[in-house]
Amino acid sequence: MSIQTRNSGAEAGKGAPSPAEIASQCPTDSPLNGPGGEAWFGLLHTYAALVRKVDGELAAQHRMSLSAFELLVRLSTAPNDGSLSVTELARQVVISPSRVSRVVDDLGRGGYVERRACSTDARVSYVAITEAGRDLLADASSTFDDAIRHHFLDPLADDEVAQLGAIWDKLLREQR
């Protein structure tokens, strides 16, 4: 499907069409023409915008990416002294396995995580959070929380947040 884009009054200066405009350009027989497209493209564009905002704030204040923050959170709550196999870590996060390796390498260079070999299987390696990683995570957590509150939760009413949670849960259950 080919979708042409143009600027709207609502998005003027941002250079991006609104989800409604994108949906209206889909073929009339497509489920993406109309409310279905507005919801789908709204999800995609909102996710990208929120990730950019939160990522930017973490980078500006802590010189870390949202992906690095997420990996440190997963490791900090992992059993076995904060370590997970690379495979399990990649399964738990919302980034690609190849990106996990790059982020782990970056965090390792900073001393925030360390790689550990598996004593029983040479094909398996583990990643463990270090004390420096726990300190960085503690420092960055308030920035992350503030960014989520400001960019995601504050613009919505409590019942809207609850509705979104229920919707995401329903859609995720359908994907399993």
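The protein carries 18 positive and 24 negative side chains, and the centres of the two sets are 5 Å apart. Here Lys and Arg count as positive and Asp and Glu as negative, with His and the chain ends not counted; each charge is placed at NZ of Lys, CZ of Arg, CG of Asp or CD of Glu.

The model is predicted: local features need pLDDT of at least 70, side-chain atom pairs count only at pLDDT 80 or more, and totals for chains, interfaces and linings use all residues. Residues are numbered from 1 along each chain as its sequence is written, and side-chain values use heavy atoms, leaving out hydrogens and water.

The C-alpha atoms fill a box of roughly 60 × 35 × 30 Å along the principal axes.

Of the 176 residues, 31% are buried, meaning under 20% relative accessible area with a 1.4 Å probe, protein chains only.

Which residues have the most contacts inside the largest nonpolar core? They are Met64, Leu71, Leu72, Leu89 and Val100, in a core of 27 residues. Such a core is a set of buried Ala, Val, Leu, Ile, Met, Phe, Trp, Tyr and Cys residues joined through side-chain atoms within 4.5 Å. Helix H3 (66-76) is one of the elements supplying at least two residues, and H3 gives the most, with 6. Apart from this core lies another of 5 residues, including Ile22 and Phe41.

Notes
Buried means under 20% relative accessible area, exposed over 50%, partly exposed in between (1.4 Å probe, protein chains only). Helices (H or I, at least four residues) and strands (E, at least two) are DSSP runs, numbered from the N terminus.
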